[in-house]
Amino acid sequence: MKLFVVLCCFVLAQAQIPKPCESPKQWEGNILRVDKGTAVKPANERLKVSYDETNQRVREITEYSFTPKPGQETYEVIYLHQTKKEYRINLVTRKCNVTTLTRPFMPNGVPSNATFEGFATVGAAGISGQSLNVQDWKFTSGTETFYGVVTSPDCVPVQHTHYTPPSTFVVSSFFDIKAGIRDVSVFTPPTECNQE
């Protein structure tokens with residue numbers, strides 16, 4: 001009988017642990033990215049983003065940098081993971097640099113192998129309309145670790161932290177997210193890139 005009670009308690013406890021949720025597959029919005037990857041040139045920028053997990057493609061446009069340097073350039077970058085191409089277009093000169101993508105596509109949501117870390121409330125807890133419930137998740141890929149915060153229950157990305165040993169941190173905060181993509185042609189490289 002005691003074993004049955006213990007087993008029931010274990011099953012009930014396991015039922016309380018959230019399973020990885022599914023984030024929107026396509027959206028547009030903004031990201032505030034803080035990249036502490038190098039001490040020489042950390043990047044702190046605000047980006048306008050179109051995100052398409054279904055077709056593994058992302059478009060980012062630098063809106064502004066919080067750490068501008070004289071002569072610093074801004075870019076539109078299109079990542080097409082299915083064809084393994086990155087198109088980096090200088091927004092002033094319109095020069096396009098095409099390179100091969102070597103890193104895999106990383107979803108901004110919660111991967112199926114993620115580990116639940118806990119619940120939290122962003123904002124003023126207990127005051128109606130002044131807070132947001134979120135879930136914290138952690139997942140690893142090789143030596144890299146990812147920490148994700150998503151809304152609960154809708155699973156919209158709030159923050160994504162990417163850690164690469166020994167000391168590289170990239171923190172992305174998401175805001176103004178709108179489901180869907182208004183114009184899918186944003187993923188088509190401009191004509192300047194076809195001349196390369």
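**Exercise 1.** Which side chains meet in a salt bridge with an N to O distance of 3.0 Å, one of them being that of E53?

Solution. The model is predicted, so local features need pLDDT of at least 70 and side-chain atom pairs count only at pLDDT 80 or more, while totals for chains, interfaces and linings use all residues. Residues are numbered from 1 along each chain as its sequence is written, and side-chain values use heavy atoms, with hydrogens and water left out.

Step 1. Take the criterion: a side-chain nitrogen of Lys or Arg within 4 Å of a carboxyl oxygen of Asp or Glu.
Step 2. The partner of E53 is K25, at 3.0 Å from N to O.
Step 3. Helices (H or I, at least four residues) and strands (E, at least two) are DSSP runs numbered from the N terminus.
Step 4. Assign exposure with a 1.4 Å probe and protein chains only: buried is under 20% relative accessible area, exposed is over 50%, and partly exposed is in between. E53 is buried because its relative accessible area is 17%, whereas K25 is partly exposed at 33%.

**Exercise 2.** Describe the salt bridge between R182 and E28.

Solution. 
Step 1. The N to O distance is 3.3 Å.
Step 2. R182 sits in the loop between strand 11 and helix 2 (191-194) and E28 in strand 1, so this pair ties together parts 154 residues apart in sequence.
Step 3. R182 is exposed, at 73% relative accessibility, while E28 is buried, at 13%.
Step 4. The count of salt bridges by this rule is eight. R88 and E86 form another one, at 3.0 Å from N to O; R88 is partly exposed at 29% and E86 is buried at 14%.

**Exercise 3.** State the fold order of the protein chain and its buried share.

Solution. 
Step 1. The chain holds two helices and eleven strands.
Step 2. Along the sequence the pattern reads α-β-β-β-β-β-β-β-β-β-β-β-α.
Step 3. Of the 196 residues, 34% are buried.

**Exercise 4.** Which classes of residue make up the lining of the largest pocket?

Solution. 
Step 1. Classify: Ala, Val, Leu, Ile, Met, Phe, Trp, Tyr, Cys and Pro are nonpolar, Asp, Glu, Lys and Arg are charged, and the others, Gly among them, are polar.
Step 2. The lining has twelve nonpolar, six polar and five charged residues.
Step 3. Strand 1 gives the most to this lining, with four residues.
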